[in-house]
Amino acid sequence: MKFNGSQNYVATQDLMLAVNAAMTLKRPLLVKGEPGTGKTMLAEEVAAAMGMPLLQWHIKSTTKAQQGLYEYDAVSRLRDSQMSMVAGSDTGERVKDIHNYIVKGVLWQAFTSEEPIALLIDEIDKADIEFPNDLLRELDRMEFYCYETRELIRAKQRPLVFITSNNEKELPDAFLRRCFFHYIKFPEADTMKQIVDVHFPGLKSELLSAAMKTFYDVRNLPGLKKKPSTSELLDWLKLLVAEDIPLEALQSTDNKVSVPPMVGALLKNEQDVTLFEKLVFMNQRNR
């Protein structure tokens with residue numbers, strides 16, 4: 001099977017090639033790119049297109065690799081053991097079986113699935129540097145050992161693994177060698193129009209053109225701390241439509257400082273708003 005895009009996700013040719021290459025090589029697909037460029041949604045759409053269930057593991061700064069394999073709930077077992085000593089308690093048999101206190105992580109679930117499955121490890125760069133190193137063997141050999149139950153958990157079939165990163169930290173070379181890599185570039189205007197059309201199929205072309213020009217003008221300003229992303233453009237367009245903002249509001253012809261309506265959907269801090277106002281003012285004064 002090959003991924004050829006979907007109705008809900010506009011995938012460029014190089015992105016589709018990357019997904020299919022990772023499936024051919026049977027390696028995790030490591031996807032990097034700016035926040036808001038559709039890295040997480042890619043895994044969701046590929047899984048849906050392939051008819052696969054999707055398991056998601058959203059990484060936090062405190063996440064440990066062991067949590068993706070399994071965790072042994074020793075506290076619950078101790079509590080149940082104490083309860084089993086109480087007259088009338090029926091927890092004795094449960095305590096004897098350690099399997100009742102093994103909390104299976106997403107990798108265990110993915111490895112033991114009877115059907116082909118997709119696995120998303122989202123924002124791996126949020127965890128500490130040892131996190132990807134700790135997953136090297138498991139992702140490479142598709143197996144791990146559970147010491148508490150003394151059993152080897154081996155993948156019945158190799159899951160389709162997606163790993164996303166916002167490039168906040170460099171990943172270890174040994175980890176990178178085991179992945180197929182793709183960087184999602186920020187969409188050009190033509191691709192962006194296709195993305196917008198998926199979400200707003202009935203949007204008037206004049207409004208879309210004016211909004212796109214304003215969006216890219218804002219995004220291309222030098223010195224921005226936080227460039228607006230695709231998701232922020234979609235939020236902004238949703239507001240423009242909901243508030244029925246007239247086209248003229250995006251096409252100011254006077255000599256006053258012109259800031260787009262509801263610019264808070266695009267610019268997310270006061271420094272960027274101030275910078276934009278100054279540059280617009282300077283541009284209009286030099287006309």
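Is leucine 279 buried, partly exposed or exposed, and what is its relative accessibility? At 26% relative accessibility, leucine 279 counts as partly exposed; buried denotes under 20% relative accessible area, exposed over 50%, and partly exposed the range in between, with a 1.4 Å probe and protein chains only.

The model is predicted: local features need pLDDT of at least 70, side-chain atom pairs count only at pLDDT 80 or more, and totals for chains, interfaces and linings use all residues. Residues are numbered from 1 along each chain as its sequence is written, and side-chain values use heavy atoms, with hydrogens and water left out.

## Individual residues

Helices (H or I, at least four residues) and strands (E, at least two) are DSSP runs, numbered from the N terminus. Leucine 279 is placed in helix H13. Leaving aside neighbours within four places in sequence, leucine 279 is in contact (heavy atoms within 4.5 Å) with Leu221 and Pro222. Its C-alpha atom is separated by 41 Å from that of phenylalanine 180, 99 residues apart along the chain.

Valine 280 also lies in helix H13, which spans residues 270-285. A separation of 71 Å is found between the C-alpha atoms of valine 280 and glutamine 82, 198 residues apart along the chain.

Histidine 182 has its place in strand S9 (residues 180-184). Not counting residues up to four places away in sequence, histidine 182 touches Asp14, Leu15, Ala18, Leu29, Leu30, Val31 and Lys32. Aspartate 80 is found in helix H4 (residues 74-83), and with the corresponding exclusion of residues up to four places away, aspartate 80 touches Thr91, Arg94, Val95 and Tyr101.

| Residue | Relative accessible area | Class |
|---|---|---|
| Histidine 182 | 9% | buried |
| Aspartate 80 | 9% | buried |
| Valine 280 | 14% | buried |
| Leucine 279 | 26% | partly exposed |

## Nonpolar cores

A nonpolar core is a set of buried Ala, Val, Leu, Ile, Met, Phe, Trp, Tyr and Cys residues joined through side-chain atoms within 4.5 Å. The largest such core has 32 residues, and Ile121 and Ile163 have the most contacts inside it. Two or more residues each come from strand S2 (54-58), helix H3 (65-69), helix H6 (106-111), strand S5 (118-122), helix H8 (136-141), strand S6 (143-146) and strand S8 (160-165). H6 gives the most to this core, with 5 residues. Beyond its neighbours within four places in sequence, isoleucine 121 is in contact with Trp57, Ile59, Leu135, Leu139, Val161, Phe162, Ile163 and Thr164. Another core, of 22 residues, lies apart from this one and includes Phe200, Tyr216, Leu233 and Trp236.

In helix H10 (residues 189-199), the residues Thr191, Met192, Ile195 and Val196 are buried. Seen down the axis of H10, its buried residues fall within an arc of 140 degrees, so they line one face of the helix; the arc is that of the directions from the helix axis to the C-beta atoms. Helix H11 (205-219) and helix H12 (230-242) are included in what covers these buried residues.

The axes of H11 and H12 come within 11 Å and cross at roughly 140 degrees. Axes are lines fitted to C-alpha atoms, for helices over the stretch in contact, with angles from 0 to 180 degrees between N-to-C directions. H11 and H12 are therefore oblique to each other; angles under 35 degrees count as roughly parallel, over 145 as roughly antiparallel, 65 to 115 as roughly perpendicular, and the rest as oblique. The contact is made by Ala211, Met212, Thr214 and Phe215 of H11 and by Leu233, Trp236, Leu237 and Leu240 of H12.
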